[in-house]
Amino acid sequence: MVCALLLLSLSTACTEPWRNVYSVEGLRVLAVRAEPPDLAPGQYARLDALVVDPRDPERLNTLVWLACHPDPASLDQPKCADYDTLSLLQSSDAGLDASALPEGLIALGMTPPPGAPQLPVIYPAPADVFANLPSDDPRRTRGVLAIVLMLAVAEPPPPTWPPTQADLTALLGRVRNKQVDSVLTIKRLRISETSTPNHNPTLATLKIGEEEWGAGPQPAKLLPGIWTHLYSFAGEGSKETYQDLDVDGNAVSKTEHLSTSWFTTLGELDKSRTVEGDIEKPEHIYEPLVLADLPPDRRGTLYAVLRDSRGGVDTHARPFILCDPNLPPPVVTEIRPASGPPGTTVTLTGFELADLLDVRAGTGWLSSAAWDDAQQAFVGKVPADAPAGELSLVPRGRGCAADPTVKFTVAAP
């Protein structure tokens with residue numbers, strides 16, 4: 001991968017081969033999000049990041065957060081551009097000692113280990129950021145930028161909390177010596193007195209093939225050797241109209257542009273971004289036909305990052321599995337009982353049910369669903385919010401043949 005200026009103080013050489021931007025093979029920071037993304041003087045923003053590593057998806061990565069307040073009257077380079085200051089992190093009751101950092105650089109926080117207090121990472125916009133500017137200065141409306149630095153490290157946080165100075169020195173030493181993978185990311189936050197501040201867009205759902213996929217652990221099932229349609233749907237109100245100033249300082253009305261960036265741990269994308277005007281038009285993902293190239297569990301993850309043109313972000317992750325054309329479909333010979341109120345435990349018997357992915361129930365899923373070896377049956381509960389009437393249950397196998405559908409009648413509770 002081409003060396004980035006952001007890694008100037010953390011890397012000495014660039015030896016990795018070029019990879020497609022959509023391919024997630026190691027530690028990646030796919031998005032940094034601030035809520036809200038636009039700040040008024042004195043307002044606070046909560047910060048989080050979508051940091052992934054398919055090599056160890058269960059690992060709690062260490063995130064270190066720093067920031068620099070803007071100074072509208074200064075033309076000097078902010079301290080956040082001097083990455084050597086990262087080595088000055090010290091220990092304190094909060095894990096980082098702000099008094100030990102250079103003037104202009106503030107510590108926002110660090111990932112605590114499991115069991116330690118899980119406090120949010122907050123950036124506080126200075127209440128007096130425009131104090132020395134005239135009331136009609138256009139910078140009050142256009143805004144000034146605070147800089148947030150986030151260093152993601154592919155290892156768990158130190159077990160001692162707060163971390164000691166030795167812990168932090170050793171952590172940064174491993175980063176600088178390339179003993180552990182790391183990514184340094186910049187997030188810019190606008191502080192202004194605008195009457196139309198930005199809000200984060202919402203990525204309401206993805207559509208993979210013919211099915212919509214909201215949040216949850218159930219994987220989408222993709223066919224090998226074909227291109228599958230991908231759609232992203234922004235929530236209502238995501239595309240905002242706002243007031244800005246033109247080059248002459250005159251007020252103008254503008255409308256945001258939305259785009260979705262796509263990432264995958266398995267397969268190919270024909271392009272890595274769906275741009276304004278095409279948000280609800282298909283992107284395509286291709287999964288390999290050569291089975292030897294697949295991971296043993298045939299699983300991957302698809303990520304979508306929705307962005308507006310003013311710094312707003314929303315993300316969506318969807319696991320998927322590549323079906324196996326050599327496996328037969330499941331067969332259901334009986335469902336017991338055939339009717340009942342929401343929450344009823346149902347038992348499916350038949351063939352090829354021991355290795356089901358799950359059971360779709362209308363627009364939801366059977367809960368607490370699993371193979372019961374004693375009964376030689378697949379057992380789960382009808383969703384608590386299932387409406388009265390006929391409910392289609394679809395046991396999803398790992399093969400590529402069409403899955404069967406059985407009917408369950410939901411009685412009024």
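Asp53, Arg55, Asp56, Arg59 and Asp181 are linked in a network of salt bridges, a salt bridge being a side-chain nitrogen of Lys or Arg within 4 Å of a carboxyl oxygen of Asp or Glu. The model is predicted, so local features need pLDDT of at least 70 and side-chain atom pairs count only at pLDDT 80 or more, while totals for chains, interfaces and linings use all residues. Residues are numbered from 1 along each chain as its sequence is written, and side-chain values use heavy atoms, with hydrogens and water left out.

Relative accessible area (1.4 Å probe, protein chains only) sorts residues into buried, under 20%, exposed, over 50%, and partly exposed in between. Asp53 is buried at 4%, whereas Arg55 is partly exposed at 49%. Side chains of opposite charge can pair when their charged atoms come close. A search of the whole structure finds 18 salt bridges.

Arg398 and Asp355 form a salt bridge with closest N and O atoms 3.0 Å apart. This pair links distant parts of the chain, 43 residues apart: Arg398 sits in the loop between strand S28 (389-396) and strand S29 (406-410), and Asp355 in the loop between strand S23 (345-351) and strand S24 (358-361). Here helices (H or I, at least four residues) and strands (E, at least two) are DSSP runs, numbered from the N terminus. Arg398 is partly exposed, at 24%, and Asp355 is also partly exposed, at 46%. The salt bridge between Arg396 and Asp358 has its closest N and O atoms 2.7 Å apart. Arg396 belongs to strand S28 and Asp358 to strand S24, so this pair ties together parts that are 38 residues apart in sequence. Both partners are buried, Arg396 at 4% and Asp358 at 8%.

The side chain of Asp308 does make a polar contact of 3.2 Å with the side chain of Asn198. A polar contact is a pair of N or O atoms within 3.5 Å; within protein, one must be able to donate a hydrogen and the other to accept it, and residues adjacent in sequence count only if both atoms are side-chain atoms. A polar atom of the Asp308 side chain also lies 2.9 Å from the backbone nitrogen of Arg310.

Turning to the nonpolar side chains, the largest nonpolar core holds 36 residues, of which Leu47, Trp65, Leu108, Tyr123, Met150, Leu189 and Ile191 touch the most other members. Such a core is a set of buried Ala, Val, Leu, Ile, Met, Phe, Trp, Tyr and Cys residues joined through side-chain atoms within 4.5 Å. Strand S7 gives the most to this core, with 7 residues. A second, separate core of 20 residues includes Tyr22, Leu294, Phe320 and Trp365. Tyr123 lies in strand S6 and is buried, at 0%. The side chain of Tyr123 also makes a polar contact of 2.7 Å with the side chain of His69.
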